[in-house]
Protein chains: 2
Amino acid sequence: MSKTECSVEKTGKQYRPSVHFTPPTGFMNDPNGLVFDGTQYHLYYQHNPDAAYSANICWGHAISTDLLSWKDQPIAVPDTIDGQAFTGCAVLDTHNSSGLFAGSHGNNIAALYTRARPGRQTQFLATSRNNGQSFEEYAGNPVLDIESPNFRDPQVVYHEPTRKWVMVIAQVDQHNIGFYASNDLIHWTHLSNFGPAGLPTVNYECPNLIQIRDESGALHWVLFVSINPGSPMGGSVTQYFIGTFDGAVFRPYDAILRLTDFAKDAYALQVWSNMPGGEAVNIAWMGNWQYCQELPTQDWRGAMSLPRSMTLRHDPNGYLRLVQVPRGIESLRHPMLTEQGAYLPADGRREIALPRGKAIEIVIRLTADESRQTDPNASGPVIERFELAFANAEGERLSIGYDAPSTQIWLDRGKLRGFDHPFFTGRFAAPINGAVYSNPRSVDLHLVLDGCAFEIYANEHLETATALVYPERPLDVLRLETTGVGFTIDSLAIYTLDKTMCRETA
Amino acid sequence: MSKTECSVEKTGKQYRPSVHFTPPTGFMNDPNGLVFDGTQYHLYYQHNPDAAYSANICWGHAISTDLLSWKDQPIAVPDTIDGQAFTGCAVLDTHNSSGLFAGSHGNNIAALYTRARPGRQTQFLATSRNNGQSFEEYAGNPVLDIESPNFRDPQVVYHEPTRKWVMVIAQVDQHNIGFYASNDLIHWTHLSNFGPAGLPTVNYECPNLIQIRDESGALHWVLFVSINPGSPMGGSVTQYFIGTFDGAVFRPYDAILRLTDFAKDAYALQVWSNMPGGEAVNIAWMGNWQYCQELPTQDWRGAMSLPRSMTLRHDPNGYLRLVQVPRGIESLRHPMLTEQGAYLPADGRREIALPRGKAIEIVIRLTADESRQTDPNASGPVIERFELAFANAEGERLSIGYDAPSTQIWLDRGKLRGFDHPFFTGRFAAPINGAVYSNPRSVDLHLVLDGCAFEIYANEHLETATALVYPERPLDVLRLETTGVGFTIDSLAIYTLDKTMCRETA
């Protein structure tokens, strides 16, 4: 896609992201069939092309060479008489283990997904001989049927040590993840179940299993499990477990419940298969079933997060946790402001004009002055905060802040007026442990605001928040404000990002 | 306390609860030393009598015969040269196992608590010979010192099968709970550690161990662990684990992370010891370290939840979970409105005037009409909601609602204007599973609004939300509203509650 093609800036409510993937029209939820075929990345997705709510779900499709500029493709897996095409995966059956690719001259892309009809969910296998443009369903489908009304979202990985395909799949109502093995993607043998584990909930969905490296280079098995409803923040959330997998049983290292996000719009996280060098990359649906069908866009609803590279790191409290870094957006950057060592005194304020209609990326690192808490003459609690707000003259604010005494950050989208819904939570928070820095009064924030899509990464990407945001009017000024103490802005870079996604409707 | 004494109603901002316990003046956080001495219930509490923020913490004290009408007592454990008097427990040493009660003619109340000075937290034993009015510290203190700067909040239970006192105590930074045993409350032997388990966090605090009955009458060991910060809702939260305890090791039944509350103002939950019949009763601090020292009351800050009887029950999703029922408030009720079988049609609205300055209790059960979702001509998602709002003419609303299609409830305190703080989250939600009723479209809510103290119990008390609320003006009307579908109000009872706590400042 040429940049010129996308040069027309939208006016009015600028909810369409320009870098985040959104459907051309209609409704989108979970990412599906994420696979790198050697040349192209595929992004399939749960899609209703006819209306901006969930119904008659098929697999939409887009391809990219960089995970950011996506070309729309025809519907890849339609809704059929066998049911809606629910979430699933795609793998390369390079050695034709299935026997279904005889004579194929392209990439052997096999998809496994759930056919959902009332009262029954079964797993289907389909193969593509045209590089993932369309799929032929295997004649012997379903390949897995346990006579369950709620059994869905298969993801398949190739397990080298046992030389088997391994499927993880949600036993939705039983609150566990089934593990199955196969030599041919057709015949599946039950291995084990994992769960219940983590939060009490109603439904388990969208398991994903992948190996991820920690800071020492060691590989760990990570199992992502989406649950809905039952998030402590309300509705839908992705939890994950870190442990061992021997080809049959997943065993978590510990009894810790980890969430991928401290806001509430990162559900159904999925990972790409066949990534070169075993790179671990995810994408999540920016949505929450509490309000995803009522969002204030008329022609389309649903966005994907940025693609994120994943590693694991021990956080300052000793927990091994996920580190998510938005992948490849450096190539889209146009520096707008870069500075180092600026100082904002206590109760100071600074404003920076922002262009309208462009995705904005901000990378900032701050250090609070020495706390007045140590002053024996101070009475009462010491309030020492830094706030960064995307704002406008109409009084709307999308606020991110750092509370230095408690080393916590906040996200406040509640002062935006474009969407009011009883489940659309305004405020979120996460502890930040300054021990990642030599100065424990330091914090870093990495922000991307792109239409209705907002992402926060903090504490060297140990914390991630993914949030839909709906200002009534464009947010065209950045406000930096301090309360109670001065802050050194060790470094600040503001970029606009080249548009990679051109969509006709706002 | 006579009711007449409390008959003067406050004007202006009515933040002082009339049924919930609050400190006479100054700051209050964790409940401490909860014990029934055979006649009186004792409520000690973390207290700064001199200012409404945390400093120079001592143990405040109140006594009651019903857990609702509290008589203030003198400071029971002062701040001393050995450090602040941090959280701890009280037990009856009836058989003088400590040897410190020789010649005592009252109840042998022994307190164990943390003395906190910079860099060191150690456990102190103290005994009272005047029914808990004051304590004499044991000459050999500390009774437990592991040379840790963050080792606190001992709770002691008598374990009958092993005939030992067992202490649970937070190894704050190690994220585990230490278990210790003693024959005499003086000499303590390490038994085991439990954790890390549950949410990644910064600090573990306030462990409490107690046996609680399930719906079949079977007893289970429950371990409460407060963590701060690290709640998914932000800041402070109480998690709990259900399992076995053999006198040495606590083993949870499962890997489920349970929270006591779906809002964010129920921290440091503690249980009464020596309750007749083994009744399990807790009280929690209505506060969150994210904002507890900045609440919009000037002379006092901090409230206790209502006392709550605890049982365990398998929820409709199969999880064994805590059931909390406010204890004894029936005796305070004055019926204001009682009705059965009223009907509110789709998009209907009803208003009921509420008296100002009184605690209000509402018990309501609803059933939604059959869903329009089954209508083949319906297009788009079906919105079917019931909202109950404490409101006023100035547009403030404290909203509680039920979303019938997703069977979730919400709490929205974000449309009240008396307190704005970046960590003061407005909206909370919990799934409700209608399977507790014969009609899955039914839901029950049990609400208590008492000054700044608001409590929600739902789904036959399987869900609890505890929230501080700060309207700018009194909420003097109850609004019932439906969206998209009619609701039968199977039963509705509104009560005012007799004032049990008379406080001079608002």
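Let's start in chain B, with P142(B). It lies in the loop between β8 (136-137) and β9 (151-159) of chain B. Keep in mind that this is a predicted model.

What kind of peptide bond joins N141(B) and P142(B)? A cis one, with omega at about 0°.

Now over to chain A. The bond from N141(A) to P142(A) is cis too, with omega near 0°. And where is P142(A)? In the loop between β8 (136-137) and β9 (151-159) of chain A. So much for the prolines.

Next topic: positive phi angles. Take R163(A). Its phi is positive, about 50°. Yet R163(A) is not a glycine. Find R163(A) in the loop between β9 and β10 (164-171) of chain A.

Is R163(A) buried or exposed? Its relative accessibility is 65%. Exposed means over 50%. Therefore R163(A) counts as exposed.

Back to chain B for L185(B). Here phi is positive as well, at about 70°. L185(B) is not a glycine either. Look for L185(B) in the loop between β11 (176-182) and β12 (189-194) of chain B.

Buried means under 20%.

To recap. N141(A) to P142(A) is a cis bond, and N141(B) to P142(B) is a cis bond. R163(A) has a positive phi and is exposed. Thanks, that's my tour.

How values were computed
Residues are numbered from 1 along each chain as its sequence is written. Chains are lettered from A and ligands numbered from 1 in the order in which they are written. This is a predicted model: local features need pLDDT of at least 70, side-chain atom pairs count only at pLDDT 80 or more; totals for chains, interfaces and linings use all residues. Side-chain values use heavy atoms; hydrogens and water are left out. Helices (H or I, at least four residues) and strands (E, at least two) are DSSP runs, numbered from the N terminus. Buried means under 20% relative accessible area, exposed over 50%, partly exposed in between (1.4 Å probe, protein chains only).
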